[in-house]
Amino acid sequence: MHIKKTIRDLIAASAERARASGALAFETMPAFEVEATKHAEHGDLATNLALILAKQAKQPPRQVAQAIIDHLTAPEGMLLKMEIAGPGFINFFIADAYWYKVIAEIHRMGTAYGNSNLGFGVKVQVEFVSANPTGPLHIGHGRGAALGDALANLLAATGHTVEREYYINDVGNQILTLGKSLYFRLRELGGEAVEFPADGYQGDYMKDLARDYLAAGHAAPGPEPHADDLVRLGRYAGDVILDEIKRDLKDFGVRFDHWFSESELYRQGLVDQGFARLQELGYLYEQDGALWFKATAFGDEKDRVVRRSNGATTYFASDVAYHLDKFQRGYNLVVDIWGADHHGYVPRLQAVAQALGFTGRLQVILVQLVSLLRQGEPVAMTTRGGTFVTLREVMDEVGKDAARFIFLTRRPDAHLEFDLEVAKQQSNDNPVYYVQYAHARLASVFRQAGAQGIERQSLDPARFLRLTLPEELSILKMLANYPELVEGAARNLEPHRITYFLTELAAQLHSYYYKHRFISDDVELTQARFWLVSGVKTVLAHGLGVLGVEAPETM
RNA sequence: GCGCCUGUAGCUCAGGGGACAGAGCAACGGACUUCUAAUCCGUCGGUCGGAGGUUCGAAUCCUCCCAGGCGCGCCA
């Protein structure tokens, strides 16, 4: 029951009829809006078609609107009335009875209400987090994790075939640096006073790692270590850290289908394949002993080195290979979620996508950094410097659900201030509990009713006529609009729309609950309300599911 | 210097061509013998950073300026 689509079709058909009858003259049907109104006096839906068509039709907007109304025929009982308003909007007032249908619809679909086949046959990959295994996940990674996971859920709910991937940078200098860091911590444990390298990873986790290394029975390295020894230490540390990252993500409720190693690109010869492909297309050239990708041919500000004059390939070369591989795996859309500090990297990667012939199939979502505060004071966060708050700490302090909800209450491209003290202090006023409470409250109502021997009886649409309160109609409309909202969120890759919807639905439910009793002596009314609020419960659970937040039966 | 993101109520943020700009928190005043008060009801609070422009219509699009954040390697 996509009401907007239904109305849109009616409007379009009406305009065509008006043209056929000569009441309206226009060449082509322009794009027009059918929007939910902000104010009740404007009805339920409004269109701006008359305003847009006025110029073409050479008639005043309100006159065009009248012509559309005159030629519009809606199904019996659907429309209460239509009004021309303001400069030429047409407002549609939907009959109450129409909204009751949503209850049966939710009943029919069950927990799948809100799902759709929007993305049928579309294969999407969401790559997110992909933090280097050189330290624990911090709060910024948490934001990316929550977003990527919710986005993948959202796309799956709308019928896309979704795969979640984590890209592991396990090639290059950082392994050596990691090994060096471990090495120095080991020597410290051996009682030596060594000067820790400035470019080392200074966090305390490296000290723990060193202790664990010895505890596991590994021999401490001697002085003057060979580079191979450092690399081995680096790999060891990387593996341990990656295991920890996996554990953190699992506990954060985030699941991945693939963990893709950068080293795999080399093992499989994909980097050379990438070079060969670009070479073949004429987008590689040599200069100053280095190999360059002609990124400027696709709007990047400068060409980019893929192989340095010393023969080493760059990080960018890996990404060329990695994305070529992604596209060859047949994804219609590849979504990369990155921290905003990598934004300068977007044009060159888009250039690669274009060069390889996959224009428009790569979408990079930049997640702005989280500025972490503790009682209003900024906390500097650097992995290398070792001062940061880990995702683990945040989970422990404010809980998985609260953290995820907070992350998903902001647009990705907006800076996020996360004050730990505030998040803790306000944990009871946190919007996540507000929404969860609505769900638990309804569960409680049904438990209470059950205890009184009152069960929800079979669906009888005639009873819904008893739902006449403004609160009830308002809730019905929200429920009816939910599937479209989910589709819109998916289309725009914006999970936060779900968050806002849920908060609003919970608000309406709480208000309704407070003013009116669901369980009463009036059997018919009780049944009608049961059916209504069980629809609310279903939708709350669905939305929370998309966000990866629990929908508790009791709180 | 150049580029990207941001600037909306005291604070944190939605809204991103459409009708009188919204929510939460904070502040203030009310509501529990009641299906869960982690709730509800009300009050207060905004020249949408500034100036021009486009449009029937601009918080929203364009230009310039101001402020904050982040980038600008043959690093990863």
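This is a predicted model: local features need pLDDT of at least 70, side-chain atom pairs count only at pLDDT 80 or more; totals for chains, interfaces and linings use all residues.
Q: What does the C-alpha trace span along its principal axes?
A: For chain A, about 90 × 65 × 40 Å.

Q: How much of chain A is buried?
A: Of its 555 residues, 51% are buried. As for the accessible surface of chain A, that is about 25,200 Å², and carbon and sulfur atoms hold 50% of it.

Q: Let's pick a helix. Is H6 enclosed or open?
A: Helix H6 is largely enclosed by the rest of the structure, because 12 of its 17 residues are buried.

Q: Which ones are buried in H6?
A: Among them are Ile-175, Leu-178, Leu-182, Phe-184 and Leu-186. The list also includes Arg-185 and Arg-187.

Q: What do the buried residues of H6 pack against?
A: Two helices: H7 (204-215) and H8 (227-251).

Q: What span should H6 have, and what does the model give?
A: H6 covers residues 173-189, and at 1.5 Å a residue its 17 residues should span 24 Å. The end C-alpha atoms are 24 Å apart, so the two agree.

Q: What comes just after H6?
A: Gly-191, which takes a positive phi of about 90 degrees.

Q: Now H5. How many of its residues are buried?
A: 17 of 19, so H5 is mostly covered, with "buried" meaning under 20% relative accessible area. Helix H5 takes in residues 139-157 and reaches 27 Å from its first C-alpha to its last, close to the 27 Å expected.

Q: And what follows H5?
A: Gly-159 does, and its phi is positive, near 85 degrees.

Q: Switching topic: at what angle do H10 and H11 pack?
A: About 85 degrees, with the axes 8 Å apart. Helix H10 is residues 270-281 and helix H11 is residues 315-328. H10 and H11 are therefore roughly perpendicular to each other, since angles of 65 to 115 degrees count that way.

Q: Which residues meet there?
A: From H10, they include Leu-270, Val-271, Phe-275 and Leu-278. From H11, Ala-317, Val-320, Ala-321 and Leu-324 are among them.

Q: Is His-510 buried or exposed?
A: His-510 is buried, because its relative accessible area is 10% and the cut-off is under 20%. His-510 lies in helix H18, residues 496-515.

Q: What does His-510 touch?
A: Leaving out residues up to four places away in sequence, His-510 touches Tyr-434, Tyr-437, Ala-438 and Arg-441.

Q: What's it touching?
A: Not counting residues up to four places away in sequence, Phe-93 touches Ala-40, Glu-41, His-42, Gly-43 and Asp-44, among others. Its contacts also include Met-78, Leu-79, Leu-80, Lys-81 and Glu-83.

Q: And what separates the C-alpha atoms of Phe-93 and His-542?
A: A distance of 28 Å, while along the chain Phe-93 and His-542 are 449 residues apart.

Notes. Residues are numbered from 1 along each chain as its sequence is written. Chains are lettered from A and ligands numbered from 1 in the order in which they are written. Side-chain values use heavy atoms; hydrogens and water are left out. Axes are lines fitted to C-alpha atoms, for helices over the stretch in contact, and angles run from 0 to 180 degrees between N-to-C directions. Helices (H or I, at least four residues) and strands (E, at least two) are DSSP runs, numbered from the N terminus. Angles under 35 degrees count as roughly parallel, over 145 as roughly antiparallel, 65 to 115 as roughly perpendicular and the rest as oblique. Contact means heavy atoms within 4.5 Å. The expected span of a helix is 1.5 Å times one less than its number of residues. Buried means under 20% relative accessible area, exposed over 50%, partly exposed in between (1.4 Å probe, protein chains only). Accessible areas come from the Shrake-Rupley method with a 1.4 Å probe; for residues, only the protein chains shown count as cover.
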